[in-house]
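Student: Could you help me learn to read a structure that is new to me? I would like to go feature by feature.

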Amino acid sequence: YYIYDSGDTDYEFAPIYDWIEIAEGLGDQLPISDGGNGTGSYQNGSVVLDLPFIFTFYGEDYEQIVVNTNGWISFGTFEMYSFRNYPIPGAGGPSPMVAAFWDDLKTGSSGYVYHYETDEMVVIQWDYMRTHDGGSRETFEIILYNKEDGIPTDTGDSEIKIQYEDFNNTSDGNYTNYTPTHGCYSTVGIENHLGDIGLEYTFNNTYPEAAATLEDGSAIFITTRTE
């Protein structure tokens with residue numbers, strides 16, 4: 001896989017930010033909730049959804065996804081409650097994973113997760129979510145594309161777009177004041193079902209040299225296609 005960002009304008013796969021709003025009537029609110037910090041209703045933070053098409057990710061075919069309140073999805077049927085974010089790929093968190101904004105997030109106060117699907121795409125939107133550390137608001141979405149509806153990739157893998165309407169990467173964990181239970185800003189990236197192969201776009205507010213810093217109105221496109 002490769003990740004192209006909005007600034008990769010020299011590449012044909014550079015994404016254009018084109019927000020799909022599903023929280024205002026188009027999509028359905030998912031029955032998941034999270035009080036933050038691994039307390040309260042965090043056990044209700046994941047739900048398994050059937051996909052309307054086969055999604056191929058790192059060579060594996062999936063018919064279901066797991067959606068979690070803490071800014072990530074996985075593939076398969078198991079429900080996991082990972083609210084502490086880690087570098088990826090790695091042993092921390094679920095495998096496989098698409099992390100759009102993996103951080104300790106809370107529902108409530110108008111912040112919820114929504115789902116919308118067609119035969120061409122599935123959209124998951126984390127709308128007006130709050131970070132546990134600081135209460136910053138985050139609105140972002142993952143779009144899974146039906147590979148049968150677009151240009152096929154050489155590997156047969158499916159493609160993903162992640163968009164950020166409201167991006168506030170503020171969960172630093174207050175390391176200078178105390179030893180935190182978690183923090184490290186957010187994690188964005190992907191990893192395979194074995195947890196040993198993946199791409200980390202950012203962790204702990206650190207980016208690869210070639211990556212654009214995420215902000216409001218950013219988009220990244222994840223594909224196995226190259227020029």
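Predicted model: local features only at pLDDT ≥ 70, side-chain atom pairs only at ≥ 80, totals over all residues.

**Reading the features**

Student: What joins Ser95 and Pro96?

Tutor: As a general idea, most peptide bonds are trans. Here, Ser95 and Pro96 are joined by a cis peptide bond, with omega about 0 degrees. The bond from Ile88 to Pro89 is cis as well, with omega near 0 degrees, and Pro89 also sits in the loop between strand S5 (72-75) and strand S6 (97-102).

Student: How do I read phi?

Tutor: Most residues other than glycine have a negative phi. Tyr128 is not a glycine, yet its phi is positive, about 55 degrees; this residue belongs to strand S9. Asn205 has a positive phi of about 60 degrees, again without being a glycine, and is found in the loop between strand S13 (198-203) and strand S14 (218-223).

Student: How many helices and strands does the protein chain have?

Tutor: There are 0 helices and 14 strands. The radius of gyration is 16 Å, close to the 17 Å from the globule rule for 227 residues, so the chain is as compact as a globular protein of that length.

Student: Which residues gather in the patch of negative charge on the surface?

Tutor: Asp50, Glu60, Asp61, Glu63, Glu117, Asp119, Glu120 and Asp149 do. Strand S4 (residues 60-68) gives the largest share, 3 residues. Glu120 lies in the loop between strand S8 (112-117) and strand S9 (121-131).

Notes. Residues numbered from 1 in each chain as written. Heavy atoms only, no water. Patch = residues over 30% accessible without salt bridge, like charges linked within 9 Å, V, L, I, M, F, W, Y side chains within 5 Å. Areas by Shrake-Rupley, 256 points an atom, 1.4 Å probe, with all protein chains shown as cover. Salt bridge = Lys/Arg side-chain N within 4 Å of Asp/Glu carboxyl O. Lys, Arg positive; Asp, Glu negative; His and termini not counted. Charge placed at Lys NZ, Arg CZ, Asp CG, Glu CD. Helix = DSSP H or I, 4+ residues; strand = E, 2+ residues; numbered from the N terminus. Rg over C-alpha atoms; globule rule 2.2 N^0.38 Å.
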